[in-house]
Amino acid sequence: MRLLVVDDEVSLAEAVARGLRREGYAVDVCHDGAAAIAQLDEVAYDLVCLDRTMPGMDGIEVCRHIRRAGSTGPRVLLLTARDTVEDRVDGLDAGADDYLVKPFAFAELGARVRNLLRRDRPQHAAVLAVGDVRADEARRTAFRGERALELTTKEFALLRYFLLHPGEVLSQERLLDHVWDHAADPFTNTVRVTVGTLRRKLSAAGEPPVIETVVGAGYRLVER
Amino acid sequence: MRRSASIRLRMSLLYSGVVFGLGAILVALVYVGLSRALAGQPVTETQVRTMEGDPSCLQVGGVILCERSVETREVTVVDELKVVEKATNQRALERFRTVAFGGLGGLFVVSLVVGWVLAGRFLAPVGRITGVARSIGETDLSRRIRLEGPDDELKRLADTFDAMLARVEGAFEEQRSFIHEASHELRNPLAVMRTNVEVALADPDASPDELRDALAVAGRSAERMGVLVDDLLTYARRGAPEVGRERVDLGVVVAEAVEGFRAAASARDLRLVAEVTGTVAVAGDAGRLTQALSNLVANAVRLAPPGTMVTVACGRADESGRPAAEGPWAWTTVTDEGPGIDVEEQARVFERFHRVPTGAGDEAVRSGLGLTIVRRIALAHGGSVGLRSTPGAGSTFSIWLPALRGEDVGSPA
């Protein structure tokens with residue numbers, strides 16, 4: 001899951017990004033509306049945490065830009081210090097999916113992000129499951145059957161992306177775009193390495209493999 | 001409504017009392033006059049006389065009585081007629097009294113009713129004003145009386161009331177938007193603090209450096225909130241900011257403002273220079289003026305690029321702003337060699353909580369009220385503020401104040 005955090009308060013944006021990265025998201029940060037739009041045109045983000053009031057181009061304008069660009073754009077979570085009804089209506093009318101008033105509890109921000117990202121998937125449960133592979137996003141735990149998996153943050157993020165797209169062939173580029181942030185070097189084999197360790201951990205007790213390699217195309221999570 | 005009803009009752013009582021009193025006086029005068037007139041010259045004496053040419057006959061009105069021994073009869077007739085006349089007069093007066101008292105009673109009742117109705121009509125606008133005043137809650141100050149009718153005392157009262165409501169509504173709206181903006185400004189540093197602390201605490205593997213960073217951010221945010229709260233209090237001390245009227249030398253104000261920021265300026269490798277020539281006297285509050293100038297210097301010292309110069313100056317100017325030793329205006333300016341301010345931003349920098357998109361300075365300790373406070377202080381002194389800026393070449397912020405003329409100098413307030 002690739003996220004963009006936009007806030008002109010540099011230390012707030014950095015803290016939010018740090019917290020979200022620890023929850024296994026790939027997070028980029030920018031500090032004004034124009035940079036956000038340039039970034040959004042470049043990368044297919046899954047969700048944008050957008051500050052409403054920024055000097056120059058504000059969050060509402062960025063939100064409208066995202067919605068003009070097409071219906072499959074990222075989810076938008078508006079972060080704002082303004083909390084009147086008119087402010088909320090404005091924000092939601094501009095195309096925001098959710099609205100969170102500053103100062104917020106980071107746990108709530110995390111829950112809302114999970115909730116927004118969940119809306120795209122067919123089953124609406126808080127626990128992702130395909131076959132006997134399960135991942136609990138809120139607790140950041142994963143299981144194969146009854147066996148708990150010890151996953152790094154990146155492996156967890158990768159597993160979550162697989163679980164969100166079961167049966168789909170996911171290319172290395174797509175995984176790099178959605179699971180790694182722009183700090184990742186696209187020319188390394190980091191995707192291949194991480195998929196490899198995740199696959200090993202998933203079958204460590206001799207279970208049948210669930211991540212298949214589709215030669216020349218990418219990887220696929222299959223139901224067992 | 002009780003107050004208006006009691007006035008109505010008092011007005012109708014007063015009205016009917018006056019009408020009744022005047023009626024009573026009139027009736028009394030008529031009665032007295034009538035009774036005097038009736039007692040004064042009995043009709044009998046003027047109407048009974050001996051007929052001319054025949055002394056044996058008496059003429060009473062058109063009736064002629066002829067008898068012998070006229071002398072005695074005349075006396076008898078006259079006496080008898082007198083008795084009758086007296087009785088008639090007595091009765092007439094009695095009838096008059098009866099009718100007059102009845103009439104007065106009726107007048108009292110009628111005047112009471114008329115008074116009640118009239119007072120009600122006069123007081124109807126008062127009831128309307130009361131009703132509107134009562135219906136105005138704290139949240140709906142938009143209602144007005146808008147009294148129709150002639151331009152009389154009550155209409156003027158209602159109009160005055162409307163004008164007062166408009167002022168109150170304006171002040172209330174201003175207050176509300178101020179609180180709204182202020183809470184918004186307070187939330188941002190709070191959010192920075194809270195998120196940083198929570199994210200740092202939630203990480204069990206956070207290194208001491210990471211924790212220290214989070215604490216440093218929280219500390220800066222707390223400092224920023226402190227400045228904001230101070231400025232909010234300064235700003236909220238309203239009611240036409242009280243300014244003293246002692247004689248102030250702007251040269252001293254400049255020196256104080258410069259002294260206060262010398263350390264901050266050298267920390268950022270800035271040269272802070274005071275340019276004062278002679279005495280520039282104004283009437284005002286030295287503390288407030290120092291605060292205003294300090295706000296300007298603080299901005300310059302915060303934003304000017306390292307290695308540049310910040311100049312604080314004061315002087316006098318004529319009506320068109322040209323330097324003039326005995327001009328009517330005193331000015332003090334802060335000039336930096338910073339990035340300057342875009343033309344479209346220049347008009348708005350003095351607005352409350354306005355944020356200039358600098359791209360940097362995000363972490364800076366600022367409240368968004370500094371320049372607004374400067375403008376307030378200048379206005380309270382009967383002066384104004386100004387800004388000249390060329391993007392890329394620096395900005396000059398100025399405060400203009402009415403100068404103390406030569407003869408005023410040295411006269412303490």
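Predicted model: local features only at pLDDT ≥ 70, side-chain atom pairs only at ≥ 80, totals over all residues.
Residues are numbered from 1 along each chain as its sequence is written, chains are lettered from A and ligands numbered from 1 in the order in which they are written, and side-chain values use heavy atoms, with hydrogens and water left out.

An open sheet of five strands in chain A has the order S2-S1-S3-S4-S5, with parallel pairing. Helices (H or I, at least four residues) and strands (E, at least two) are DSSP runs numbered from the N terminus, and two strands are taken to pair if DSSP finds at least two bridges between them. S2 and S5 of chain A stand at the edges with a single partner strand each, so one side of each has no neighbour in the sheet. From one strand to the next, the twist averages 20°; axes are lines fitted to C-alpha atoms, for helices over the stretch in contact, and angles run from 0 to 180 degrees between N-to-C directions. Within the sheet, S3(A) and strand S4 (residues 75-80) of chain A are joined in the parallel sense over five bridges. Asp51(A) stands opposite Leu79(A) in S4(A).

Asp51(A) also takes part in a salt bridge with Lys102(A) (3.0 Å, N to O). A salt bridge is a side-chain nitrogen of Lys or Arg within 4 Å of a carboxyl oxygen of Asp or Glu. The pair links distant parts of the chain, with Asp51(A) in strand S3 (residues 47-51) and Lys102(A) in the loop between strand S5 (98-101) and H5 of chain A, 51 residues apart. Both Asp51(A) and Lys102(A) are buried, where buried means under 20% relative accessible area, exposed over 50%, and partly exposed in between (1.4 Å probe, protein chains only).

Over all chains, the whole structure holds 29 salt bridges. One of them joins Glu23(A) to Arg114(A), with the closest N and O atoms 3.4 Å apart. Glu23(A) lies in the loop between helix H1 (10-22) and strand S2 (26-30) of chain A, and Arg114(A) in helix H5 (residues 106-118) of chain A, 91 residues apart. Glu23(A) is partly exposed at 23% relative accessible area, while Arg114(A) is buried at 11%. In a further salt bridge, the closest N and O atoms of Arg147(A) and Glu207(A) are 3.1 Å apart. Arg147(A) is in strand S9 (residues 147-149) and Glu207(A) in the loop between helix H8 (190-202) and strand S11 (211-214) of chain A, so the pair ties together parts 60 residues apart in sequence. Arg147(A) is partly exposed, at 24%, and Glu207(A) is buried, at 19%. Arg2(A), Asp28(A) and Asp177(A) are linked in a network of salt bridges.

The contact between the chains (heavy atoms within 4.5 Å) takes 25 residues from chain A and 20 residues from chain B. The area buried between them is about 2,200 Å², of which carbon and sulfur atoms give 52%; buried area is the accessible area (1.4 Å probe) that two parts lose on being put together, summed over both. In chain A, Glu9(A), Arg22(A) and Pro103(A) lose the most area to chain B, together 27% of what that side buries. Three salt bridges are counted between chain A and chain B. Arg22(A) forms a salt bridge with Asp203(B), the closest N and O atoms being 3.1 Å apart. H1(A) gives the most to the side of chain A that touches chain B, with eight residues.
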